[in-house]
Structure formats: C-alpha cells, structure tokens
Amino acid sequence: MRWPDGSFSIQGAAAELGVTPQTIFDYLARGMLAGRQLTKGQPWQIELSDEQIGQLRNRVRRTKRSKKETS
C-alpha cells in the first residue's frame with residue numbers, strides 16, 4: 001500500500017481516498033496527483049500529503065453526494 005519512502009502505490013492511494021484504482025489513474029492523467037514510475041510498466045509511486053488526502057476525500061464525498069441527488 002505504501003512504499004518505504006512514504007509514497008503510495010495505486011492500490012494504496014485508492015484505499016486512502018476511498019476510490020477505485022482507475023480513478024487514481026484518471027487523477028494522475030489530469031494532473032490532480034503527482035506520481036512517478038522508474039520505467040514504464042513499473043509500479044507507481046504517488047506523493048500524497050495530508051492536505052491533499054483531505055481535499056480529495058472531500059471531493060469524492062461531494063461527487064458521491066451529487067450523484068445520489070441526481071438519481
């Protein structure tokens with residue numbers, strides 16, 4: 001879930017934020033998260049500060065709430 005340097009794996013970041021691994025890939029593609037791979041095909045190392053975790057969790061809560069309201 002977390003690498004020795006404190007960064008998160010895709011699965012670890014997904015668990016921490018309460019989203020799917022695909023959402024983490026989407027966040028990386030949009031620049032919402034910073035991450036790195038040593039080479040293509042290697043595991044991701046994603047930097048997440050406590051502040052980012054809080055902001056993204058709030059975003060997820062708002063998104064889930066608005067989806068329920070429109071259903």
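**Close-up views of a predicted model**

By the rule used here, the count comes to three salt bridges, each a side-chain nitrogen of Lys or Arg within 4 Å of a carboxyl oxygen of Asp or Glu. The model is predicted, so local features need pLDDT of at least 70 and side-chain atom pairs count only at pLDDT 80 or more, while totals for chains, interfaces and linings use all residues. Residues are numbered from 1 along each chain as its sequence is written, and side-chain values use heavy atoms, with hydrogens and water left out.

**View 1. Asp 5 meets Arg 36 in a salt bridge.** Their closest N and O atoms are 2.9 Å apart. Asp 5 lies in the segment before helix 1 and Arg 36 in strand 1 (residues 34–36), so the pair ties together parts 31 residues apart in sequence. Helices (H or I, at least four residues) and strands (E, at least two) are DSSP runs, numbered from the N terminus.

**View 2. Arg 36 also pairs with Glu 47.** Here the N to O distance is 2.8 Å. Through shared partners, Asp 5, Arg 36 and Glu 47 join into one network.

**View 3. Arg 57 forms a salt bridge with Glu 16.** The closest N and O atoms are 2.9 Å apart. This pair links distant parts of the chain, with Arg 57 in helix 3 and Glu 16 in helix 1, 41 residues apart.

**View 4. Leu 17 and its contacts.** Leaving aside residues up to four places away in sequence, Leu 17 touches Ile 24, Tyr 27, Ile 53, Leu 56, Arg 57 and Val 60; contact means heavy atoms within 4.5 Å.
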